[in-house]
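Trainee: I have a model open and would like to talk through a few spots in it. Can we go one at a time?

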Amino acid sequence: MSTLHPTQDPSWRLFQERFGRLQRARRAETLLLVAIAALLLVIAAAYTDFSPAQVAAGLPRIGEYFGKLFSIEPARGAAPVPVLAWDHLFQGVKQPQSIAYWFYRIDVYLVLLWQTVQMAILASVMGFTAAFVLSFPATRTLVRSTLAVMAVRRLLEALRSIPQVVLAFILVWPFGVGPLAGILAIGIHSTGALGKLFSELNENADLRAVEGIRAVGGSWVAQIRYGMVPQVLPGFLSYALLRFEINVRSSTIIGFVGAGGIGQELRRVIGFNIYEEVSAICLLILVIVVVIDLLSERIRHRFIGSLGTKA
Amino acid sequence: MSDTTIRLDTITAADIAATRARLPAAFGAPLRSRALRWTVGLLALSYLLYLHWLFDFDRVFTNLPRVWVIVRLMVDWSQFAEWDHAELLRSMAETVAMAYLGTTLAALVAVPLGFLGARNVIPSRVFRFLTRRIFDGCRGLDQLIWALVFVRAVGLGPIAGVLAIFVADLGVLAKMFAEAIETTERKQLDGVQATGASRIAALRYAVLPQVLPVMISQTLYQIESNSREATILGLVGAGGIGLRLSERIQINAWDQVAYIIVLIMITVALIDSLSKALRIRLIRGA
């Protein structure tokens, strides 16, 4: 009577077999997925002429271009110098390699940045107002007719699924080159995006207040005004501020198609190869985007905080 | 007081004054908050008027007839058979290829970068600060700005688009990957290290299995959103359907513009549902 070593037990072999089978199946599946992904990658590369040789040929040019962005156009025959140097950093507009020299058109940029932010504000106000009005008919708990809800929802979906920049490009034709086309494009897109979020908030709201207003004979508008709006308004405003951050980003680029703001100027200086100005404007855009994000985040927290404690 | 019947004809001016003293809020908001409300309202109104003036907002209404002209032209698809469908579909495929290629390459490069930017892999605060700022720099500038710059650097065509998606997404994905790595369980890392495994092996067997599903799902989501974004890169010359769209807008071929927009919507919806299905499968499998 001898005891079997565990590895000689028939159940061990069975386990090993099954485990091996599962492992092989899993490995085959992973390999297949990786192979498909790689194959798609190759096809995509072929489709876009993106070969290693092409990229290798392009890399020095990219390096050269980015180098030019941060150097001053040299005089004939001279070597290019970096756009900033420690010795001259805080000297006047006339002194190359100073901050003032790099940002010598700061007055123009600041006016354009102001315009860009105002574009985002107006577009956000437009989007908020339209989305506010449209979100209630798009709420299933408030409207009995499913058809009407569906119609409004499809409308909102259509508004947000056209790319903003495309919309701006189209609107430049009827409204002319300038910020108006950009504002309308961003506003229309915001309406679609906010309307969806707002109607979702409405559907999650407590209906007891609405029923209370209905019970004392309040009209549909009164039910919404006194039963729904007080509940959902903090959420609405928080989403609107988030949207405003996104809209500031959008308004910096919407000018590429002629729809106003700093983007229009950026496209001009890139087109004319005014290298130092390209880097200067890009830096300003980065700064403004970060500042607005931080500011809006702070307002949002304070806002939700105070409303949250009251409720 | 609560169980007495209130008779309106017996209320005196003194009663009203007493109640007003006790419950001032029931008689309307106090003067100060009412004044504040009015001031804020008037300021907001005058600000809106300023914006109205700044952007000459009247033109929205005076130019509305021109919008109807475009809309009327857009819905007239009687020339449908004569449009260059092969070219448009090819450009649409090119757009999707750009998004796929740019995002996938960015994801491949973002994996090591994500490890470098994670606190539990590289504890050095200075190093992490620097890597994070580089990610922010890539992310902070919009894809369209990168596209414009790369068109200047490598010329017109899809390569500039792929590079723009690559750089902008590198920032997004590296940041997300670093955050995913930072939220992994410490215990598995300890366990692998206890067996005497090297640092790299520990990351491979303890951290990577935890974050890989998250990484793949985030990459899929980025591919989805980039195929939407890539449709506009062509507007600045970076290849894809945007280029065709920009040509059609410039020659006022509004019917084809509408057709291209519909094509974009269909493609984006298809990719959305495909990627959603894949992501759900991935989450279930993990």
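Trainee: Is Thr191(A) buried or exposed?

Mentor: This is a predicted model, and in it Thr191(A) counts as buried because its relative accessibility is 6%, with the cut-off for buried set at under 20%.

Trainee: Where is Thr191(A) found, and what does it touch?

Mentor: Thr191(A) sits in helix H7 of chain A, which covers residues 179-204. Leaving aside residues up to four places away in sequence, Thr191(A) touches Met126(A), Gly127(A), Ala130(A), Ala131(A), Leu134(A), Leu156(A) and Leu159(A).

Trainee: And the nonpolar cores, how many residues are in the largest?

Mentor: The largest nonpolar core has 110 residues, and Ile170(A) and Leu266(A) are those with the most contacts inside it. Apart from that core lies another, of 21 residues, which includes Ala110(B), Val121(B), Ile181(B) and Val192(B).

Trainee: Which residues does Leu266(A) touch?

Mentor: With residues up to four places away in sequence not counted, Leu266(A) touches Phe256(A), Val278(A), Ile281(A), Cys282(A) and Ile285(A) in chain A, and also Ile145(B) in chain B.

Trainee: Changing topic, which residues form a nonpolar patch on the surface?

Mentor: That patch is formed by Leu32(A), Leu33(A), Ile36(A), Leu39(A), Leu40(A), Ile43(A) and Tyr47(A), which together have about 650 Å² of accessible area. As background, in soluble globular proteins nonpolar side chains tend to be buried together.

Trainee: Now chain B, what does its secondary structure come to?

Mentor: Chain B has 12 helices and 0 strands. The radius of gyration of chain B is 30 Å, well over the 19 Å that the globule rule gives for 286 residues, so chain B is more spread out than a compact globule.

Trainee: What does the C-alpha trace span along its principal axes?

Mentor: For chain B, the C-alpha trace spans about 90 × 70 × 40 Å along those axes.

How values were computed: Residues are numbered from 1 along each chain as its sequence is written. Chains are lettered from A and ligands numbered from 1 in the order in which they are written. This is a predicted model: local features need pLDDT of at least 70, side-chain atom pairs count only at pLDDT 80 or more; totals for chains, interfaces and linings use all residues. Side-chain values use heavy atoms; hydrogens and water are left out. Patches are made of residues with over 30% relative accessible area and no salt bridge: like charges are joined within 9 Å, nonpolar side chains (Val, Leu, Ile, Met, Phe, Trp, Tyr) within 5 Å. Accessible areas come from the Shrake-Rupley method with a 1.4 Å probe; for residues, only the protein chains shown count as cover. A salt bridge is a side-chain nitrogen of Lys or Arg within 4 Å of a carboxyl oxygen of Asp or Glu. Helices (H or I, at least four residues) and strands (E, at least two) are DSSP runs, numbered from the N terminus. The radius of gyration is taken over C-alpha atoms; the globule rule is 2.2 Å times the number of residues to the power 0.38. A nonpolar core is a set of buried Ala, Val, Leu, Ile, Met, Phe, Trp, Tyr and Cys residues joined through side-chain atoms within 4.5 Å. Buried means under 20% relative accessible area, exposed over 50%, partly exposed in between (1.4 Å probe, protein chains only). Contact means heavy atoms within 4.5 Å.
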